[in-house]
Amino acid sequence: MKNVKSPSALKALAGAKCPQCRTGNMFVYPWWQVPKFSKFYQNCPTCQLRFDREPGFFHGAMYISYALIVAMVTNASLILYILFNNPPFEVYIYTIVLLNILLFPLLFRYSRVIYLYLFGGVKFDSSLPKKK
Ligand SMILES: [Zn+2]
């Protein structure tokens, strides 16, 4: 029997897939369904891995979220400074607030996904059944 090629860790992370099987979705709805973007499965629908590794596990995702927001603010400020020739201070504030509001679903989700990949203590298991 030919082995089905597994997705890379980076591709699975980008797609918010389970770190153990890399095929099961972590979140129930896509990120653009704003009212429900934060609803995630308790267990992987493919391999049954429990995503919330211990009580309060995802509180640590706040640190990842903080780092992502700092990176976003830094990049947005640099782009404004370079491309728009250092606009007034209010432009920086409005742009950063607007970006935070627009990107909140992505920041929320990826902070959890990255935290689970980094600190969840889960290893990829290629022997698990593939979705399809
Ligand atoms: Zn899984």
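## Arg109 in helix α3

R109 is partly exposed because 19 other C-beta atoms lie within 10 Å. R109 sits in helix α3. Helices here are DSSP runs of H or I with at least four residues, and strands are E runs of at least two, numbered from the N terminus.

R109 touches A16, F27, W31 and F37, leaving out residues up to four places away in sequence. Contact means that the two C-beta atoms, placed from the backbone, lie within 7 Å. R109 and F124 are 15 residues apart in sequence, and their C-alpha atoms are 20 Å apart in space.

## Model and confidence

This is a predicted model, in which local features need pLDDT of at least 70, side-chain atom pairs count only at pLDDT 80 or more, and totals for chains, interfaces and linings use all residues. Residues are numbered from 1 along each chain as its sequence is written.

The chain has a mean pLDDT of 91, and 94% of its residues reach 70 or more. pLDDT is the predictor's confidence in each residue, from 0 to 100. Confidence is lowest in helix α1 (residues 9-14), at a mean of 93, and highest in α2, at 96.

## Packing of α2 on α3

Helix α2 (residues 61-83) and helix α3 (residues 89-119) have axes that come within 8 Å and cross at roughly 145 degrees. Axes are lines fitted to C-alpha atoms, for helices over the stretch in contact, and angles run from 0 to 180 degrees between N-to-C directions. The crossing of α2 past α3 is right-handed. The residues of this contact divide into 17 nonpolar, 5 polar and 1 charged. Ala, Val, Leu, Ile, Met, Phe, Trp, Tyr, Cys and Pro count as nonpolar, Asp, Glu, Lys and Arg as charged, and the others, Gly among them, as polar.

## The nonpolar core

The largest nonpolar core holds 12 residues: C18, C21, M26, F27, C44, L49, F51, A61, I64, V113, Y115 and L116. Such a core is a set of buried Ala, Val, Leu, Ile, Met, Phe, Trp, Tyr and Cys residues joined through C-beta atoms within 7 Å. The elements giving two or more residues to this core are α2 and α3. α3 gives the most, with 3 residues. Beyond its neighbours within four places in sequence, L116 is in contact with P19 and F51.

## The loop between α1 and α2

A16 lies in this loop. A16 has a positive phi of about 55 degrees although it is not a glycine. Q48 is also found in the loop between α1 and α2, and has a positive phi of about 70 degrees without being a glycine. Most residues other than glycine have a negative phi. A16 counts as partly exposed because it has 18 C-beta neighbours inside 10 Å. Q48 has 14, so Q48 is partly exposed too.

N25 belongs to the loop between α1 and α2. N25 and R50 are 25 residues apart in sequence and 12 Å apart in space, C-alpha to C-alpha. P35 lies in the loop between α1 and α2, and is exposed because it has 7 C-beta neighbours inside 10 Å.

How values were computed
Left-handed = near helix turned anticlockwise from the far one by under 90°. Buried ≥ 20, exposed ≤ 12 C-beta atoms within 10 Å, placed from the backbone.
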